[in-house]
Amino acid sequence: MATLQLRNIVKRFDDTQVIKGVDLDVNDREFVVFVGPSGCGKSTLLRMIAGLESATSGDILIDGQRINEVGPAERGLAMVFQSYALYPHMTVEDNMGFSLKLAGVSKEERRRKVRETAEILQLEPLLDRKPKALSGGQRQRVAIGRAIVRNPSIFLFDEPLSNLDAALRVQMRIELARLHEALDATMIYVTHDQIEAMTMADKIVVLQGGVVEQVGSPMALYHHPRNRFVAGFIGSPK
Ligand code: ADP
Ligand code: MG
């Protein structure tokens with residue numbers, strides 16, 4: 001079980017307010033997509049949820065507990081970035097098992113968990129390879145695998161597919177949707193790509209200038225955009 005609530009979240013960098021009072025409810029096992037133009041605050045919001053950035057004010061709750069002061073490693077979340085940031089000198093198996101090693105998990109248990117994850121992601125034949133011998137899509141799968149092995153209650157994705165070519169992006173969207181089913185996990189996914197938002201989300205959160213413009217299902221936003229910005233961004237013909 002993993003729910004997330006944001007209550008009146010504000011983020012200021014120096015004198016500039018970049019997140020201006022965001023409220024949001026993410027339900028258990030929901031796939032929520034943050035969408036909006038570059039600079040609207042998607043990454044900042046995600047980084048505050050992850051604990052990589054502190055909120056200036058407001059509350060972040062996971063399963064009803066305020067976690068603002070809880071460190072990133074203790075939040076039970078895992079984040080996947082656009083840049084894969086794999087360790088170049090380690091094999092796929094060691095990359096995927098590294099966080100478990102740091103957590104003191106035994107070698108046998110690491111091996112079991114990494115193999116199980118590799119099977120889900122179809123990475124088994126690649127476990128002995130180094131990152132430089134992988135394609136972009138394979139590297140991104142390893143980065144996702146690294147998140148899965150930690151059994152996070154909530155996955156956070158920050159534009160994970162934007163470095164991939166168009167065909168691979170389509171394939172990875174399908175894989176992520178399958179993964180969401182298989183893992184029964186709550187996922188929050190950031191993108192500036194309207195098509196990704198429309199095809200992947202249970203719920204879309206449209207952001208502009210640090211403000212939530214509208215929250216709803218893809219069809220609700222498409223058919224009933226609250227304003228011109230949402231209509232333009234989600235692509236309804238109105
Ligand atoms: P997005 O991910 O939607 O493109 P960001 O969350 O990265 O947007 O940025 C939102 C705003 O906050 C931008 O105006 C950006 O310049 C600003 N910003 C982000 N991080 C910092 C920082 N560490 N210091 C100052 N300003 C920042
Ligand atoms: Mg960003």
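Setting aside neighbours within four places in sequence, I find leucine 156 in contact with Leu46, Ile49, Ala50, Leu77, Met79 and Ile188. A reminder to myself: this is a predicted model.

**Entry: the whole chain**

Next I stepped back to the overall fold. I count 8 helices and 10 strands in the chain. The C-alpha trace spans about 55 × 40 × 35 Å along its principal axes. The radius of gyration is 18 Å, and a compact globule of 238 residues would have one near 18 Å, so the two agree. Of the 238 residues, 37% count as buried. I also looked up the contacts with a separation of 6 or more: residues 24 or more positions apart account for 65% of them.

The UniProt record, an unreviewed entry, has the annotation "domain: ABC transporter" over residues 4–234. That span is 37% helix and 26% strand, and its end C-alpha atoms lie 24 Å apart.

Which residues surround ligand 1? I wrote down Phe13, Val18, Gly36, Ser38, Gly39, Cys40, Gly41, Lys42, Ser43 and Thr44. Sorted by class, the shell has 3 nonpolar, 6 polar and 1 charged residues.

Which helix gives the most to this shell? Helix α1, residues 42–50, does, with 3 residues. I then checked burial along α1 and found Lys42, Thr44, Leu45, Leu46, Met48 and Ile49 buried. Two of these, Leu46 and Ile49, I had already met as contacts of leucine 156. After α1 comes glycine 51, with a positive phi near 90°.

**Entry: threonine 186**

Threonine 186 sits in strand β8, residues 186–191. Is threonine 186 buried or exposed? I count it as buried because it has 24 C-beta neighbours inside 10 Å, and 20 or more is the cut-off for buried.

I then listed the contacts of threonine 186, leaving out neighbours within four places in sequence: Ala2, Leu4, Val26, Asp28, Arg29, Glu30, Ser153 and Ile154.

**Entry: two loop residues with positive phi**

Where is asparagine 151? I found it in the loop between α4 (136–148) and β7 (154–158). Asparagine 151 has a positive phi near 50°, in a residue other than glycine. It counts as partly exposed because it has 13 C-beta neighbours inside 10 Å, and exposed would need 12 or fewer.

Aspartate 184 lies in the loop between α5 (166–183) and β8. Its phi is near 55°, again positive in a residue other than glycine. With 10 other C-beta atoms within 10 Å, aspartate 184 is exposed.

Definitions and conventions
Residues numbered from 1 in each chain as written. Chains lettered and ligands numbered in written order. Predicted model: local features only at pLDDT ≥ 70, side-chain atom pairs only at ≥ 80, totals over all residues. UniProt positions renumbered as here; feature names shortened; annotations may be inferred. Helix = DSSP H or I, 4+ residues; strand = E, 2+ residues; numbered from the N terminus. Near = placed C-beta within 6 Å. Nonpolar A, V, L, I, M, F, W, Y, C, P; charged D, E, K, R; others polar. Rg over C-alpha atoms; globule rule 2.2 N^0.38 Å. Contact = placed C-beta atoms within 7 Å.
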